Amino acid sequence: MADFSSPQRQSKTGIIVMFAQTLQEWGRGLLPILIVTAVNLNNKKIIALTATLIGFFVLALIVGWCRYRNFTFWIDEENEEFVITEGILNKSKTLIQLQKIQQVNIGQSLLQRIIGVYTLEVDTAGSNKKEGKIRAISHQLAIALKERLLDNVARSVAQTESAGQNDDVPALESQKPFIHISFLSLLKYGITSNYLRTLGLMLAFFITIYENLQRLVDTSEYDSKIDSILEESIAVQTGLIAIGFLLSAFLIVNVVRVVVKYFNFRIARQKGSLLLSYGLINTKSTIIKPEKVQITTVSRNYFQKKLDILELRIKQATGGEQEQKQSFMEIPGCDRREGDSILQLLFGSIPEKGVMLIPNYRKLVFSIFLSIVVPLGIAYFAIPSDVLLDFVWIFPLWAILRGLSLAFGFHNYRLFVHDRFIIKQSGAWDVANQIIEPQKIQALSVSQLFWHKAADIGYLTIYTAGGKLSFQLGNYTVVSAYVNKWLYELETSDSNWM
Amino acid sequence: MDFTNETLDTTNLPRFEEVQFTPIHKDYWKVVLIVEAIVFAVVGIAIGALYYFQQEFRDYGIYLVAALLFAIVFTVGFSRISFSKKGFAFREHDVLYRDGVIATHTMIIPYNRIQHVALHEGAISRIFGLAKVEIFTAGGSQSDIEIPGIEKEQAENIKQLLMGKIRKEL
């Protein structure tokens with residue numbers, strides 16, 4: 001294994017990366033000025049401009065070189081710290097305690113791919129920034145450093161857990177990917193995901209087209225009737241073609257986005273962790289440690305069910321408050337078998353749905369009131385009646401669409417409690433199953449509105465280090481009994497939540 | 001290995017619903033009143049100034065005063081209920097905090113999930129020798145417990161107790 005105990009610089013080619021970075025940083029500030037001068041060019045100015053640009057490049061090269069020279073990193077074995085020093089005039093030294101390291105990501109941008117270096121990012125529990133970042137490191141060294149940095153994490157985990165549990169780990173230690181998401185799966189995922197967004201877009205298009213048609217009818221009254229009918233049919237045709245074209249364009253963009261982001265998605269096992277790597281232009285790789293996983297969400301919609309693909313979202317433990325959104329990992333478009341094997345690896349067994357809790361009917365009534373009755377009522381009274389007449393068709397449309405989505409949402413809203421898993425199912429179109437293990441619970445809260453006392457219903461919120469999970473208007477007595485049970489389990493065992 | 005895995009009788013587990021909650025110190029009510037008095041004094045002065053400098057407002061003066069009085073009565077009444085609803089309990093293995101006027105909200109944190117504990121003394125609370133105990137977990141700011149209106153000495157004791165528990169659990 002490579003030695004990291006003494007300060008070392010990045011790969012030599014790192015100068016290019018540093019140069020490019022400097023150029024990019026300065027370029028952003030200088031671009032407006034450059035554009036202004038480029039617009040009113042004359043011979044004299046061309047010379048001046050070229051000279052400035054050359055000077056600028058040379059300066060950037062020098063700064064890039066200095067940045068390279070002054071950037072060093074090493075592992076302080078004595079204090080168990082990963083150290084990065086950088087800066088030309090303002091020197092800075094970053095110390096990261098090895099035991100606080102949560103994640104080490106290795107990635108590659110296009111430029112880095114050309115010159116054959118990688119970025120290595122160190123993520124800790126302390127803050128939401130990527131704290132340590134090495135911009136140019138060879139693949140071999142990156143892998144070695146990553147192993148060294150995470151080695152410590154594995155060791156401290158092994159210390160707290162009683163040793164001997166991970167006997168089967170060495171056998172699994174192969175780097176060979178055990179899941180490789182095929183191009184076809186990505187295509188399927190690209191077509192079926194974000195379906196609601198596509199639907200919204202479709203609706204917006206129809207409304208604009210409809211309005212345009214109406215305007216057309218109004219203006220064509222002046223022309224002869226035959227002409228107007230002709231024009232109208234042409235307009236309708238072109239309108240429909242335009243809708244079709246834009247919709248397919250949207251779908252294609254969506255698919256391309258998914259493919260570029262997740263191309264060649266591979267999952268490998270490494271020392272009991274999941275190693276993900278993906279990306280067409282920028283290759284990214286991350287590690288997911290099962291013991292750090294807090295909430296796992298499996299979701300799919302009707303089409304995805306038919307095509308046998310599902311989406312996995314994994315939320316790991318985060319240190320701070322407002323970073324929960326960024327810290328989830330998405331695994332797109334794996335089929336049922338692959339999904340099961342990932343879940344198997346994360347939880348040790350496939351999550352089972354235990355006792356089912358259903359929400360009280362008041363949840364449906366209240367949400368209908370809140371999102372159908374109230375907005376439509378306000379619209380009815382706020383909009384003048386002559387304008388209202390033109391839009392009156394929106395009322396039943398909204399009521400039906402929203403009502404359907406609420407009814408489906410209510411039908412899918414369930415909490416399943418098993419000895420080892422708590423699963424919350426929700427969603428109208430995209431049905432999501434959020435899975436947590438009871439030992440990951442940080443805090444529990446129950447609350448009850450005073451007029452719900454007689455009906456014996458209330459709210460339950462389960463807090464984990466990766467976000468919360470709430471279940472509304474379940475049977476209060478049953479929920480309380482589970483709270484007591486979970487508390488008992490948490491308090492009698494020394495289970496590890498991270 | 002001495003390991004058993006008997007089926008739990010969940011009906012015999014200790015129930016959080018039956019816990020006797022300790023109400024917060026009665027002096028804390030004074031703290032609440034003083035804070036509200038300051039806020040309403042500022043609002044009252046603002047209305048008075050408006051009344052004095054803007055002639056047009058004189059006609060509505062009576063309504064403004066009525067609205068202010070209503071707001072005072074409403075707020076004080078609301079905080080009185082809120083004050084009497086607040087309560088905490090330290091069990092052998094967890095801490096409970098209950099509050100809420102319209103909804104009764106109970107938050108429970110097991111000791112082995114506490115990250116750290118802090119004491120906070122507000123300027124007015126300090127006059128009455130009261131402090132706020134803040135208990136943090138890794139579950140984000142929403143899952144923290146803040147118990148206001150505890151006597152300084154008792155708060156210190158609670159902090160020591162919790163620190164001891166955390167250390168022992170580790």
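A:Ala268 lies in strand β8 (residues 265-270) of chain A, strands being DSSP runs of E with at least two residues and helices runs of H or I with at least four, numbered from the N terminus. At a relative accessible area of 5%, A:Ala268 is buried; buried means under 20%, exposed over 50% and partly exposed in between (1.4 Å probe, protein chains only). A:Ile179, 89 residues away in sequence, is 6.9 Å from A:Ala268, C-alpha to C-alpha.

The model is predicted, and local features need pLDDT of at least 70, while side-chain atom pairs count only at pLDDT 80 or more. Residues are numbered from 1 along each chain, chains are lettered from A, and side-chain values use heavy atoms.

Over all chains, 20 aromatic pairs are found. Rings of Phe, Tyr and Trp (its six-membered ring) pair if their centres lie within 6.5 Å; planes under 30 degrees apart count as stacked, over 60 as edge-to-face and the rest as tilted. Two pairs are tabulated.

| Pair | Centre to centre | Angle between planes | Class |
|---|---|---|---|
| A:Phe19 and A:Phe57 | 6.2 Å | 50 degrees | tilted |
| B:Phe70 and B:Phe74 | 6.0 Å | 20 degrees | stacked |

A:Phe19, in helix α1 (residues 14-39) of chain A, and A:Phe57, in helix α2 (residues 43-70) of chain A, are 38 residues apart. A:Phe19 is buried at 18% relative accessible area, whereas A:Phe57 is partly exposed at 39%. Ring pairs join A:Phe19 and A:Phe57 with A:Trp26 and A:Phe56 in a cluster. In chain B, B:Phe70 and B:Phe74 lie four residues apart in helix α2, about one turn of the helix, and both are exposed.
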